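Here are my notes for you to read with the model open beside them. Take the points one at a time and find each place as you go.

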Amino acid sequence: MKYIPATAAERERMLAAAGVRSMEDLFRDIPEEARLTRPLDLPPALADPDLLAHVRELADRNTDCDRLACFLGAGAYDHFVPSTVAHLALRPEFLTAYTPYQAEIMQGELQAIYEYQSMMCELTGMDVANASMYDGASATGEAACMAVDLTKRSEVLISTAVHPEYRQVLRTYTGHLPITVRELPARGLTSVEAARAAITDATAALIVQSPNFFGAIEQGEALAQAAHDKGALFVVAIAEPISLGILRPPGEYGADIVIGEGQSLGNALNFGGPYLGVIATREQYVRRMPGRLVGRTVDTAGRPGYVLTLQTREQHIRRAKATSNICTNESLNALIAAVYLATLGRHGVAHVAESCARKAHYARERITGLRGYELAFDAPTFNEFTVRCPMPPAEINRRLLTHGILGGLELGRFYPEYDDCWLLCVTEQRSRKEIDRLVDHLEALR
Amino acid sequence: MYPKELRYSKEHEWAKVEGKRVRVGITKFAADRLSDIVYVELPSVGAEVKFMEPFGVVESVKAVSDIYAPVSGKVVEVNAALVEKPETLNTDPYGAWMMVVEPSNPAELDQLLDAEAYTAHVGEGH
């Protein structure tokens, strides 16, 4: 259907009513130098086949993880996605479903969200998980607000081993709220002693990530103790939930709030988004959890049904009292995570996790065996690890790319003090042959 | 209708002076108007509450309302059983107390209404 604009006569009438002579007059508040005073320079239209050829040529200048051997992680993970995921998640009933405002007629979507929530609880070891958030970074901001609200304290302490982008979003989130964000410097691993010394009576929460941004597994139990001893909450960020296939869930070592990025659960890399924010907590805090919670119940005839059990009432009423402005979720991404986890099953997730860990440790051993390369931090790792390099990591990456290998993250981009450090990730997608090829190229680079 | 021994706020809380302490709840008028109460949020023991400022929340199937402290002071007791059974606010509003406060300024109690004035405030027939 074509949009029918106003007629010339109608435009004249509107201009007269607005008290201006021409359309141009409406833009006079825009500085002259910012205004385009000539027609747009658009080339003539292409024929359909020529246009497709042109766009294809542009698209071919991109590359992706199907064509490269990817050793890059740092918060976004290249895992194998079984074909069941697209088959189920792309069904029109799910793909086009809007937010469940009319809960009673959206049973399918609600059931999917309910199953997703249940799986997140199992994965994190927590009592309740919400219907999902935007991404790991904004979930970090929400967890901070929640902790401040729960403890009536004003400061959050976050380890610098938490994803730098999560920390940046946390600062944005809290910038105009009466919340102080203090960073706890971490050298590869968050120090329990330093955490103990830094937590005060004003600290609402200690936020750490495990495995952390450097790939190291934090000492969760001791950090939880340090937070709890001062009455602060312990918040754990999980950037790579596949790790929970073999690592202890945060709920078992004292986490009060678990936040995470669910991308690695069946979601494609998607050029950085949309991703899947996870938040889970203990039952006693459910009323302070942002977003919405789907529950299972029975109808008057005793048949099972799904409802929006809790949703932030401040979305509808008492808006002045709101502690979060989250009133939606990422249902399709959550659904994808649920289908992925259901496809793999409990043993499948453990198997993928173990495969990641074994391959990453093989790569770690081989790379640190090369002259000039050494492990940057002495800590246990899962599928990522940091090495110090004999030459600038940016140079290594540039040369590897010419051989079809996507190298690791140059840590200097976020941590100037670690400009010789390279953060590598090895998922179950990498074959032993690819790892050996990486090692061979590194050896040849010197 | 409204117990004579209690004092009332215009925001529909009752206050019962027990020696140096004050027990606090919401009136039958408030509970009736809210209808079925499903959730109540109370302060922690040790918290400081301020005269006519919100100290908690009641949520019914119809509405969510702040509840106001009829006196300033320190919370020394909280009715934890009420959190488990918020519906007792409907069935027994004067038994379903919310908190006990140690007043920091007992003179504030003089600003509250007596049963007669409160009845006039909510209108005859309630």
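**Notes on the model**

1. Start with chain A, where helix 11 makes a right-handed crossing as it passes helix 13 (right-handed if the near helix is turned clockwise from the far one by less than a right angle, left-handed if anticlockwise). Helices (H or I, at least four residues) and strands (E, at least two) are DSSP runs, numbered from the N terminus. Before going on, keep in mind that this is a predicted model: local features need pLDDT of at least 70, side-chain atom pairs count only at pLDDT 80 or more, and totals for chains, interfaces and linings use all residues. Residues are numbered from 1 along each chain as its sequence is written, while chains are lettered from A and ligands numbered from 1 in the order in which they are written.

2. Back to that helix pair. The axes of helix 11 (residues 331-368) and helix 13 (residues 432-445) of chain A come within 10 Å and cross at roughly 20°; axes are lines fitted to C-alpha atoms, for helices over the stretch in contact, with angles from 0 to 180 degrees between N-to-C directions. The two helices of chain A are therefore roughly parallel (under 35 degrees; over 145 is roughly antiparallel, 65 to 115 roughly perpendicular, the rest oblique).

3. Who touches whom here? On the helix 13 side of chain A you'll find A:I435, A:V439 and A:L442, which meet A:K359, A:Y362, A:A363, A:R366 and A:I367 of helix 11. Contact means C-beta atoms, placed from the backbone, within 7 Å.

4. Now look at A:F271, which has a positive phi of about 50° without being a glycine. Most residues other than glycine have a negative phi, and most peptide bonds are trans. A:F271 sits in the loop between strand 7 and strand 8 of chain A and is exposed, with 9 other C-beta atoms within 10 Å (exposed is 12 or fewer, buried 20 or more, partly exposed in between, with C-beta atoms placed from the backbone).

5. That loop between strand 7 (257-261) and strand 8 (277-281) of chain A also holds A:P274, joined to A:G273 by a cis peptide bond with omega about 5°. Another cis bond links A:S210 and A:P211, at about -15°.

6. Over in chain B, is B:H12 buried or exposed? B:H12 is buried, with 23 other C-beta atoms within 10 Å. B:H12 also has a positive phi, about 80°, and isn't a glycine.

Definitions and conventions: Contact = placed C-beta atoms within 7 Å.
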